[in-house]
Amino acid sequence: MIIKIIPCLKDNYSYLLIDDINNTSCVIDPSEADPIAEILDKNNIRLDFILNTHHHYDHVGGNKKLKEKYGAKIVGYIDDKNRIPEIDITVKDKQIWKEKKFEAKIFHIPGHTSGHICFYFFNEKIIFSGDTLFSLGCGRIFEGTYSQMFNSLKFFKDLPLDTNIYCGHEYTLKNSDFCLKYDPDNENLKKKIIIIKEKLEKNLPTLPTTIKDEIECNIFLRSKNLVNFSKLRDLKDNF
Ligand code: ZN
Ligand code: FE
């Protein structure tokens, strides 16, 4: 399996997961169609599935066009079936979605939106976390409660430490400023920031990150209780 990171819009990432044996792929959260189509066409790869973590336009914007062009089937959370454009296949919490080489366990992780899910490709140890867990940050709470978001983040801490996390946005540098401000003595964080800056200077994505790195450095994952987490989330909204 090959993963291509595709920058979209201003600071979004879509991800192309390529099954190189069968020459097919699925795309996670296509913000827009063109950058994805370009890679598919250049490499002669089919697109069989579109996986959406949640319904926001910057994650589903390419659904319609890609479905029309490639005949891909769209996979999304059952309770969001009325707001994920062109949805074909609905999935629920803790279900395993499997199609040929693609095999992911679905987890419902509400907070950013009420129907947010992540796709955990446990065989490859990779997880697509959408706008719930970012590198060194977490999503804004738009539809859920603080408690829901706190629990959704807690879920990630139980994954194998070497799991690679691919999230929806390149927010890492800004997030790192916030972490450093409220966790100034964290040596692991300081080391990670050096690596982040090196990557950005070379115009490379700061992703994937790992569960281990996030547990060590992400102030929201390190937050011990709901009161503390809620306070941090409020501070971040105005940072
Ligand atoms: Zn979003
Ligand atoms: Fe987003």
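In strand 8, Lys105 is the bridge partner of Ile96. The model is predicted, with local features requiring pLDDT of at least 70 and side-chain atom pairs pLDDT 80 or more, while totals for chains, interfaces and linings use all residues. Residues are numbered from 1 along each chain as written, ligands are numbered from 1 in written order, and side-chain values use heavy atoms without hydrogens or water.

**Sheet**
- Strands are DSSP runs of E with at least two residues, and helices are runs of H or I with at least four, numbered from the N terminus.
- Strand 7 pairs with strand 8 (residues 102–108) in the antiparallel sense over four bridges, where pairing requires at least two DSSP bridges.
- The open sheet has six strands in the order 7-8-9-10-13-14, with mixed pairing.
- Strand 7 (96–99) and strand 14 (209–210) each have a single partner strand, so one side of each lacks a neighbour in the sheet.

**Zinc site**
- Asp131 bridges the zinc ion (ligand 1) and the iron ion (ligand 2), which lie 3.2 Å apart.
- His54 lies in the loop between strand 4 (49–51) and helix 2 (57–60), and Asp131 in the loop between strand 10 (126–130) and strand 11 (133–134), so the pair ties together parts 77 residues apart in sequence.

Note on methods
Donors are N, O and S atoms within 2.8 Å of the metal (3.2 Å for Na, K and Ca); water is not among the atoms, so sites may look incomplete.
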